[in-house]
Amino acid sequence: MDYAAILSILEGAIRLATPLLFACLAGLFSERAGVFDIGLEGKMLAAAFASATLAAVSGSAWVGLAAGVGASLVLAAVHGVASITFRGNQLIAGVAINFLAAGLTVLVAQDVFALGGRTPALTGAARFQSIALPFAETAATIPVVGPFYARVISGHALLVYVAALAVPATWWILFRTRFGLRLRAVGENPAAVDTAGVSVTGLRFAAVMICGFLCGLAGVYLATALGAGFVKDMSGGRGFIALAALIFAKWRPWPAMGATMLFGFLQAVATRYPRLDLGVVVVPSQFIDALPYILTVVILAGFVGKAIPPRAGGIPYVKER
Amino acid sequence: MTLMQSLLGAAATVALTAGAALAEPGLVIDMGGKFDKSFNEAAWRGAERWKAETGGSYRDIEMQQEAQREQFVRRMVDAGSNPIVVLGFQNMATLEKVAPDYPDTRFALIDGVVDLPNVRSIIFAEHEGSYLVGLLAAMASKSGTVGFVGGMDVPLIRKFGCGYAQGVLAANPNAKIIANFTGTTPAAWADPVKGGEIARSQIDQGADVVYAAAGATGIGVLQAAADAGVYSIGVDSNQNHLHPGSVLTSMLKRVDNATYEVFKAGPAVETGIVVMDLAAGGVGWALDENNAALITDAMKAKVAEAEAAIIAGTLKVHDYMSDDSCPAITF
């Protein structure tokens, strides 16, 4: 394997990790506030559909971005109303959102475009094109570091850089602001937060809406940057891999970046080497595709450290009467 | 009593023939969707052509899940459709189970062989068509490296890849061929994001012509090739118009003709095995105004020569499915 191949795999890893990272951070906000969300997949899919549709109609990726985030926020609000206001089962609400998104997107797409549940292919300004960072051309001549900067760091769509910046932002919000402290507290011991006179419902809603916003970005990236349009079930289980990454990262922002990058890297390797020859054994790509889930099971089983979810996660808060 | 019986019998015969005359043909579309711009869409176009020419009507139904295969074919029969065109090799098992239950209905299976008296099995010589586009790919490639992106990893798709590899090596014996498959489940027919990522990885490895034989996944492959400014080759339907100037050509598999012929023959369609090869016009390559500038006269001459040799039988393209191996490439 030469240096160019490594660069190509890393470049692919970043592209593939970006939707996972957005979704993982989305889940992080929601679950840290005590609301489990397995509807990441559905929100991502709805956002991908809405962004592709509006981008195709308007010809502008930014209109698509707004539509995608909007669609995801609507579903997040549904999740909030079901699981916070009405104290329903959070897992069931999440499953419902996944099914709703899977069916509704195809139905509406077929009705609007009559292309078999697909949107037209996006071209030009309707897509987020890759942007070259400053000096990428000139830096490419510097040995080793230059090509790395020019190929791996530079030349991605805008949303990739937004995802990278979302990690320190999440860390700062959660661990350095009053809002973050309260948000974490509401996931551990909502009664204490309530006693302190802070609204549990309000905090959890805020967390769920942030989750919707980030899921929206994941979907928009899928449909308007990585792909060029919406196709049926295009999220392809990425919402679930993001959940696995969240457990792998033990609900912390920086490890979330590490976990999603690892999973993205594994996907890029599986894409490039359908049969990875390690000399002793030949690893089929199916095994590498399954690795994120295997690693998560290993972590959950407690072999590598211990993954402890927020203590009040999954339990609707009932005020004492 | 006997008079009564024969009267009733006659009435029944009249009713039956009337039913047969009214029977609408049916089309059972495989997973990947009707508008995959490729395999399924070709069949749909054939059906639409029949509809436009005869003014008749037909029923169609789209498989959404594995579990629906048998149920959907039965529903089609129950609705009175005859003959019924069933798309996709994965429906071989479906027809083996369903067809014996309805001896009066004729089925036409595309891409598979079912040995039953009421089934017409239509198979295509995809390796011959793929050989021709392989020749074009090798002649258009500047880097000497070409790619192949298959959909689901099954013998039928390896047949495409094997014919393609033979064509590439015939035009350039030193060429390097990178072959990938999208997956091992039917979801691999509809994952353009993964298809695009595979194509990008092949382009990074030097490929400057990528052939997609992957249903709707191929849309992502063609898009990635257009984004990177290299050539791609479409499959089944003519996909040249998707990215004019980037799609070098398309390997045509005339599923539309096969469907049209079955619909036209009606309930009396002949059963047995029908081989749609190059000589029968079942496969070929697409040349239209979208790619006319990409195909030089030398390329045309070379392909025409190979076409003549294949039809004359002097050039044999190895069929992967005949012995599950390929002399030109290891998958």
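Modeller: What follows is a conversation about the two chains, their elements and their contacts. This is a predicted model, in which local features need pLDDT of at least 70 and side-chain atom pairs count only at pLDDT 80 or more, whereas totals for chains, interfaces and linings use all residues. Residues are numbered from 1 along each chain as its sequence is written, and chains are lettered from A and ligands numbered from 1 in the order in which they are written.

Colleague: How many residues of chain A are in contact with chain B?

Modeller: On the chain A side there are 20 residues, in contact with 19 residues of chain B; two residues are in contact if their C-beta atoms, placed from the backbone, lie within 7 Å.

Colleague: Which helix of chain A gives the most to that side?

Modeller: Helix 1 of chain A does, with three residues. Helix 1 (3–32), helix 10 and helix 12 (253–272) of chain A each supply at least two residues. Helices here (H or I, at least four residues) and strands (E, at least two) are DSSP runs, numbered from the N terminus. By class, the side of chain A that touches chain B has nine nonpolar, eight polar and three charged residues. Ala, Val, Leu, Ile, Met, Phe, Trp, Tyr, Cys and Pro count as nonpolar, Asp, Glu, Lys and Arg as charged, and the others, Gly among them, as polar.

Colleague: Staying with chain A, at what angle do helix 7 and helix 8 pack?

Modeller: Helix 7 (residues 158–176) and helix 8 (residues 178–188) of chain A pack at about 75 degrees, with their axes 5 Å apart. Axes are lines fitted to C-alpha atoms, for helices over the stretch in contact, and angles run from 0 to 180 degrees between N-to-C directions. The two helices of chain A are therefore roughly perpendicular to each other; angles under 35 degrees count as roughly parallel, over 145 as roughly antiparallel, 65 to 115 as roughly perpendicular and the rest as oblique.

Colleague: Which residues make the contact?

Modeller: Helix 7 of chain A contributes I173(A), L174(A), F175(A) and R176(A), and helix 8 of chain A contributes F179(A), G180(A), L183(A) and R184(A). By class, that contact has five nonpolar, one polar and two charged residues.

Colleague: Now chain B. In what order do the six strands of the open sheet run?

Modeller: The order is 7-6-8-9-10-12 in chain B, and the pairing is mixed. Two strands pair if DSSP finds at least two bridges between them. Strand 7 (176–183) and strand 12 (283–285) of chain B are the edge strands, each pairing on one side only. The twist averages 15 degrees from one strand to the next.

Colleague: What packs on the sheet?

Modeller: Helix 6 (residues 155–171) of chain B does, touching strand 6 (145–152), strand 7 and strand 8 (209–213) of chain B. The direction of helix 6 makes about 170 degrees with that of strand 6 of chain B.

Colleague: In which sense do strand 6 and strand 7 of chain B pair?

Modeller: They pair in the parallel sense over seven bridges, and the bridge partner of M152(B) in strand 7 of chain B is G183(B). Strand 9 (residues 231–236) and strand 10 (residues 247–253) of chain B also pair in the parallel sense, over five bridges.

Colleague: Is N180(B) buried or exposed?

Modeller: N180(B) counts as buried, with 27 C-beta neighbours inside 10 Å. A residue is buried if 20 or more other C-beta atoms lie within 10 Å of its own, exposed if 12 or fewer, and partly exposed in between; C-beta atoms are placed from the backbone. N180(B) is found in strand 7 of chain B. Leaving aside neighbours within four places in sequence, N180(B) is in contact with P274(A), V149(B), G150(B), I198(B) and Q202(B).

Colleague: Which residues does the cis peptide bond join?

Modeller: It joins N82(B) and P83(B), with omega about -5 degrees. P83(B) is in the loop between helix 3 (69–78) and strand 3 (84–87) of chain B.

Colleague: One last topic: what is the phi of D233(A)?

Modeller: D233(A) has a positive phi of about 55 degrees although it is not a glycine. D233(A) lies in the loop between helix 10 (200–226) and helix 11 (238–248) of chain A, and is partly exposed, with 18 other C-beta atoms within 10 Å.
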